[in-house]
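Reader: I would like to go through this model feature by feature. Please give the general idea each time, and then the case at hand.

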Amino acid sequence: MGAVRNGLQLGGSLLVTYVIAMGVRFLLPKQMGVERFGSFNWADSFSAVFFVATHLGLEMYIRKEVTRRPEHASDFFGTTLLIRLGLTAVLMGALAYVMAHDNHTLEVRQLVYVSAVAQSLIMINGSMAALLHAKGKVAGLSVSNIVTKLVWGGGLFLAVVMKASLPWFAVPLVASEAVKLAVGWYLAKQHMGLTFKVDLPATWEVLRKSLPFFITGAALATNGRLDVMILGLKASHEEVGYYGAAWNIAGLTFFLNPVFGWVLMPLASRAAERSEEELTRLIRRALEGTLAVTVPMMMLIVLGAPLWVGLLGGKFGPSAMALRLMSPLFVLAFVTMNAGLWLTMTNREWWVTITNLTGSLLVIPVLNLVLVPVMHSALGDGGGAAGTALAILLMEILVTISLMGRMKGAAFDARLLGMLGKTVAVCIAVAALDQTVFAPMNPWVRLGIEAVLYVVGVLATGAVRPAEVLEVVRVARRRGQPAPEAAEAAPAVSISPAP
């Protein structure tokens, strides 16, 4: 019940922040143009790859261990904060050296430096937020998310209106992350009694246990970053602009990602402590829920790709190819998140680490080096971006096969397979109608009809069950109080209490 309430609180804040983010995602490409927007994305990706070293793997460790022992946070958080600040200083020096010997303009180099400061703050805030998620205290964090997103969005709007130089477009992110850090520290002290202390032996043990999470996090953090760097080198910043525009649109399907980490991971940690069977049931139902949400969003992107790209302006038309190729990526990403969570909570985290490391640092670079120049040459504008999109999609397919295969029989039950089969059938039927019966229609009208048909199809086949959605709402509204019928039935069953 607590997890559902937290999910709804965080989901409500995400709804507001995603409205702001959606406006920014469409505003920036349209106002900046293809080349400047490409440079903006390249600088963000370049700085993010540099600062992967400050990840340390703490977020997953916190959600796995601090969920069970909240007082443990003070043992390592202060020391790891000092380590991160020291790494930031070293990395800033290395970044300045690299950029001094680079042929980019002064404006782009300055943008990289400001983006680097933002990346350092983002890493620290990720761990701070994980503490509050582990404790289950998210109300203040939800408000903080909205406020900081307003700071970010408002700052970018001012930069656009004032036609600011490129470095100023990264300043709002630094400001919003600084505000988030101050609020997060206050909330952690209030709810967890977090104190700043230096304990080297305890921190060393935490970092040792976090190593597989660090490697996995570093590999995942380079996804969408390393490929952008290669795209800029093997094609052009215009292709990075096309790719970035497509990513901005497709990335909206990742709105469930924060709730997944904030709510499901602590819940899975408690379930795993009780039994692997309970964890497996939880992951199967979570996978069912994420598919119910992400698949229709994928269909909207695939069928409406030219329309969404058109909202950015005609100059971004070549982004449609990359957008269509990206659309299945996010469905697969949520599948791998669920599988990876199950493997981590059953102490098989090194399989997740090795799989992601192989995909991100071997498969992705090789595919990009092959596909980008070939597709850019063959397809012209947008071809390089499509090559990068295809590379990351193929990598995600391989990762999904690896992780789901390692789960073996725990991956699916009859109910999940039935839901998946029905959903696929509905998708095929809607796609076939799009290419035949509805093809002559106005594109917006056609997309609206197809959306309605999809909803009717999944409800009629039972792929999505409205009664279970209503039950989630009822659970949340009980606010921790057991339903009368549950209270009456309590003596007849034995359920281990949540820690």
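Author: Start with a helix pair: α10 passes α15 in a right-handed crossing. A crossing is left-handed if the near helix is turned anticlockwise from the far one by less than a right angle, and right-handed if clockwise. Helices (H or I, at least four residues) and strands (E, at least two) are DSSP runs, numbered from the N terminus.

Reader: Before going on, what kind of model is this, and how are residues and side chains treated?

Author: This is a predicted model, in which local features need pLDDT of at least 70 and side-chain atom pairs count only at pLDDT 80 or more, while totals for chains, interfaces and linings use all residues. Residues are numbered from 1 along each chain as its sequence is written, and side-chain values use heavy atoms, with hydrogens and water left out.

Reader: At what angle do the axes of α10 and α15 cross?

Author: Axes are lines fitted to C-alpha atoms, for helices over the stretch in contact, and angles run from 0 to 180 degrees between N-to-C directions. Helix α10 covers residues 237-250 and helix α15 residues 383-407; their axes come within 7 Å and cross at roughly 50°. α10 is therefore oblique to α15, since angles under 35 degrees count as roughly parallel, over 145 as roughly antiparallel, 65 to 115 as roughly perpendicular and the rest as oblique.

Reader: Which residues make the contact of α10 and α15?

Author: Contact means heavy atoms within 4.5 Å. On α10 the contact is made by E239, Y242, Y243 and W247, and on α15 by G383, G384, A385, T388, A389 and I392. They divide into six nonpolar, three polar and one charged. Here Ala, Val, Leu, Ile, Met, Phe, Trp, Tyr, Cys and Pro count as nonpolar, Asp, Glu, Lys and Arg as charged, and the others, Gly among them, as polar.

Reader: How do the axes of α2 and α10 cross?

Author: Helix α2 (residues 34-50) and α10 have axes that come within 7 Å and cross at roughly 75°. That angle makes α2 roughly perpendicular to α10. Contributors from α2 include F37 and W42, and those from α10 include Y242 and A245. The residues of this contact divide into six nonpolar, seven polar and two charged.

Reader: And what is the arrangement of α12 and α13?

Author: The axes of α12 and α13 come within 9 Å and cross at roughly 175°, which makes α12 roughly antiparallel to α13. Their contact residues divide into 23 nonpolar, six polar and two charged. With 2% relative accessibility S327 counts as buried, where buried means under 20% relative accessible area, exposed over 50% and partly exposed in between (1.4 Å probe, protein chains only). Leaving aside residues up to four places away in sequence, S327 touches M298, I301 and V302.

Reader: How many residues does the largest nonpolar core have?

Author: In soluble globular proteins, nonpolar side chains tend to be buried together. A nonpolar core is a set of buried Ala, Val, Leu, Ile, Met, Phe, Trp, Tyr and Cys residues joined through side-chain atoms within 4.5 Å. The largest one here has 109 residues, and L131, F169, L323 and M407 have the most contacts inside it. Helix α12 (residues 276-310) gives the most to this core, with 15 residues. Not counting residues up to four places away in sequence, L131 touches I62, V66, A73, F77, M192 and L194.

Reader: Is V160 buried or exposed?

Author: V160, in helix α6, is buried, with a relative accessible area of 12%. V160 and M32 are 128 residues apart in sequence, yet 7.8 Å apart in space, C-alpha to C-alpha.

Reader: How many helices and strands does the protein chain have?

Author: The protein chain has 19 helices and zero strands. Buried residues make up 52% of its 499 residues.
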